[in-house]
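My entries follow in the order I made them.

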Amino acid sequence: MERRIPDPTLMARLQLSVKGVDWAAGLVRRWQHDTPPGGGWTPHQHVAHLLAAEQNVFHVRIPRILAEDLPMFESWDETAHMTHQYRPEGDIEELAEAFMRAREQTVGYFKDLTPEQWSRTAVWPGGVGEVDLAWVAERALAHALEHFVALLNLHQEFDRRHARTWLSG
């Protein structure tokens, strides 16, 4: 496995990714509990999931990678979490702010790591295998961006539907 220090812009990207989620959450606030046409998660569920994953995956695994030699992680069951622990309470913008605070903590784990620390590894579940901390940081970034795009797509769908109603009314 190639060991590497991540792109120097990764820390900035990790911090900025939450700004996009925060902005997109504001765009979909009025539809935060609407299920999209064809099914799927509501905007509120997307942001709640982001916060839960940050706290239950990254905040648990990163410290273990730094403290243990090659920890092996079990899959975090997002379906079970959404089924049994998700609650529709709270405003989506409040959830986005909580996600921003959680991401600050995640960034804090990566701040000032030495090259040796960036090279520490773990076995990631889901058939991924051995990964280093640089990969974990990139995964955290990708996860936020995936849901940012989902929120933007929901905004476009809901806004388009609303615009048609407004124009025909």
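**Leu70.** I looked up Leu70 and found it partly exposed, because its relative accessible area is 41%. I used these cut-offs: buried is under 20% relative accessible area, exposed is over 50%, and partly exposed is in between, with a 1.4 Å probe and protein chains only. Leu70 sits in the loop between α2 and α3 (78-84). Its phi is near 45°, a positive value in a residue other than glycine.

**Ground rules.** I note that this is a predicted model, where local features need pLDDT of at least 70, side-chain atom pairs count only at pLDDT 80 or more, and totals for chains, interfaces and linings use all residues. Residues are numbered from 1 along each chain as its sequence is written, and side-chain values use heavy atoms, with hydrogens and water left out.

**Asp112.** I then checked Asp112, which also has a positive phi, near 65°, and is not glycine. Asp112 is in the loop between α4 and α5 (115-118). With a relative accessible area of 70%, Asp112 is exposed.

**Chain overview.** I read six helices and two strands in the protein chain. Helices (H or I, at least four residues) and strands (E, at least two) are DSSP runs, numbered from the N terminus. Along the sequence the pattern is α-α-α-α-α-β-β-α. The C-alpha atoms fill a box of roughly 65 × 35 × 25 Å, taken along the principal axes. Of the 169 residues, 43% are buried.

**Thr42.** I found Thr42 in the loop between α1 (10-27) and α2. Thr42 counts as buried because its relative accessibility is 6%. Contact here means heavy atoms within 4.5 Å. Leaving aside neighbours within four places in sequence, Thr42 is in contact with Gln32, His33, Asp34, Thr35, Pro36, Tyr86 and Leu154.

**α2 against α4.** How do α2 and α4 pack, and at what angle? Helix α2 (residues 43-67) and helix α4 (residues 92-110) pack at about 15°, with axes 9 Å apart. Axes are lines fitted to C-alpha atoms, for helices over the stretch in contact, and angles run from 0 to 180 degrees between N-to-C directions. The two helices are therefore roughly parallel, a term for angles under 35 degrees. By class, their contact has 17 nonpolar, four polar and two charged residues. In this count Ala, Val, Leu, Ile, Met, Phe, Trp, Tyr, Cys and Pro are nonpolar, Asp, Glu, Lys and Arg are charged, and the others, Gly among them, are polar.

**Nonpolar cores.** I took a nonpolar core as a set of buried Ala, Val, Leu, Ile, Met, Phe, Trp, Tyr and Cys residues joined through side-chain atoms within 4.5 Å. The largest has 24 residues, of which Val21, Val28, Val47, Phe99 and Leu151 touch the most other members. α1, α2, α4 and α6 each supply at least two residues of this core. Its largest share, seven residues, comes from α4. Apart from this core lies another of 20 residues, including Val57, Phe58, Val107 and Leu113. I also listed the contacts of Val28: not counting residues up to four places away in sequence, Val28 touches Pro43, Ile92, Leu151, Leu154 and His155.

**Glu138.** My last entry is Glu138, in helix α6 (residues 133-168). Glu138 is partly exposed, with a relative accessible area of 32%. Not counting residues up to four places away in sequence, Glu138 touches Arg4 and Leu10. The C-alpha atoms of Glu138 and Arg13 are separated by 9.4 Å, although the two are 125 residues apart along the chain.

Methods: Angles under 35 degrees count as roughly parallel, over 145 as roughly antiparallel, 65 to 115 as roughly perpendicular and the rest as oblique.
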